[in-house]
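Open your viewer and have the selection panel ready. We will walk through the model one stop at a time.

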Number of protein chains: 2
Amino acid sequence: MINIVIVDDHELFREGLVLVLGQVDNFNIVADYNSGDEFLKQIDPLEVDVVLMDIKMEGLNGIETTIKLKEIKPDIKVIAVTMFVEDSYYLQMINAGAHGFVLKKAGKYELMQAVTEVNSGGNFFSQEILKKMAFKAINKEVEKEKALSPREVEVLKLICKGLSSKEISEELFLSPKTIEVHRSNLLRKTDQKNIAQLVIWALKNNHISLG
Amino acid sequence: MINIVIVDDHELFREGLVLVLGQVDNFNIVADYNSGDEFLKQIDPLEVDVVLMDIKMEGLNGIETTIKLKEIKPDIKVIAVTMFVEDSYYLQMINAGAHGFVLKKAGKYELMQAVTEVNSGGNFFSQEILKKMAFKAINKEVEKEKALSPREVEVLKLICKGLSSKEISEELFLSPKTIEVHRSNLLRKTDQKNIAQLVIWALKNNHISLG
DNA sequence: TTGTCACTAAGGGTTTTCCCTTAGCGTAAT
DNA sequence: ATTACGCTAAGGGAAAACCCTTAGTGACAA
């Protein structure tokens, strides 16, 4: 019997997942939470083998939650769940200790396979994720250049809100010219050619959300 | 007993919905489909009371599917399901004959209420949708101006792909100046101030998707 | 028939973005 | 200590976006 916990702030999706996996033989849904905080608060007495963890959540996100979980319960396996292949956080998630990675658009059989695999000590990654990883591994020197600095992320979010360089400079008490530099670096690092593409990129990489 | 069909191309979400609603007393999930085409093709022999219909789908979308459904089976009630409050298609959906409208982030109890209400001849709209409708009704003269023309939608999609006015003009065999006009009209009609905001608006209003 | 509106196009102007360069400062790693 | 890098800032220039006006066409409706 595999004891499973689900952490996801999308209510209907989570409830659906509970039922989909709950009807599988050998799967036992121990509990489900809509935030990392709630989960960590109540994890202690539970008997858990595998956690299905959404990456993007209010409060503690999946990465932070996974790191803290591994500190107190290093034996619990984590499978990251995300919406997009492009999500750049998956490397951080693996770094935090995740053993698997599936997309939300995956079917239930893929998810079942992931849970079984990871529970028995293996790894499981959706095909799309593996392709992405292979591609990044091949071009790793390019990859290294692409990590965004905190300042760049800050500027990125304001750009996506529709602020001009001048407005952003006033918001952050910087020169407009500095913002222009950040803008250029953002386009270069993300490999996008203008703001329209940058906004889409930011969404797919979970730097902003539509909520 | 209320006979329910679910039409949604998001596999895990749909499977989850089937199980969540399937365990409710008096609810009977007749079938579920991942596209409007599939649904219409197989609707004929089925005994159906209520259809939960995603708006944004590959192939036939929720609106088109609802219109065709109403032509052949006018008594079947439709509840539209969507991701965002901003989704401007909800008016078209109501026009197509939908009796209810819920957000995907709604909980299962809200969904259950919607199904029950609509089945017994009533309407059900999420609170957020009602607010939006009330607001639009108040400002209806503004509203009328905001319907996008086919050409504008076409240009909008290309803008969101990151094409410049010049590139779009080449794609559509038009003058760059014409595209600039469409651009201005898009910003004015959607009440957004630049491309960053326009892209977000297009996503929330289901003109483009991240898929 | 008159009016409205989508679509087309152009002129002309301001602002913003985009892209390049150079450069000083501070911090952290080797 | 030298290197590397993030952050800051500026100059300069090309391109694109943004915003206004005017205007002709065709289609569709009152």
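The tour begins with the ground rules, then visits the domains, the sheets and the interface.

**Before you click.** This is a predicted model, in which local features need pLDDT of at least 70, side-chain atom pairs count only at pLDDT 80 or more, and totals for chains, interfaces and linings use all residues. Residues are numbered from 1 along each chain as its sequence is written, chains are lettered from A and ligands numbered from 1 in the order in which they are written, and side-chain values use heavy atoms, with hydrogens and water left out.

**Stop 1: the domains of chain A.** Select 2-138 for domain 1 and 146-204 for domain 2 of chain A; these bounds come from an automatic or database domain assignment. The centres of the two domains, taken over C-alpha atoms, lie 31 Å apart.

**Stop 2: the sheets.** Switch to cartoon view and find the open sheet of 6 strands in chain A, ordered S2-S1-S3-S4-S5-S6 with parallel pairing. Its edge strands are S2 (27-33) and S6 (124-125), each pairing on one side only. Strands here are DSSP runs (E, at least two residues), as helices are (H or I, at least four residues), numbered from the N terminus; two strands pair if DSSP finds at least two bridges between them. Now pick S5 (100-103) of chain A, which runs parallel to S6(A) over 2 bridges. Which residue of S6(A) is the bridge partner of Gly100(A)? Click Phe124(A) to see that partner.

Hop over to chain B, where an open sheet of 6 strands has the order S2-S1-S3-S4-S5-S6, with parallel pairing. There, Gly100(B) stands opposite Phe124(B) in S6(B).

**Stop 3: the interface.** Select the residues in contact (heavy atoms within 4.5 Å): 35 of chain A meet 35 of chain B. About 2,900 Å² is buried between the chains, with carbon and sulfur atoms giving 69%. Buried area is the accessible area (1.4 Å probe) that two parts lose on being put together, summed over both. Highlight Leu12(A), Leu19(A) and Leu210(A), which supply 24% of what chain A buries against chain B, more than any other three residues.

**Stop 4: charges across the gap.** How many salt bridges does the rule find across this interface? There are 2, a salt bridge being a side-chain nitrogen of Lys or Arg within 4 Å of a carboxyl oxygen of Asp or Glu.

H1(A) gives the largest share, 8 residues.
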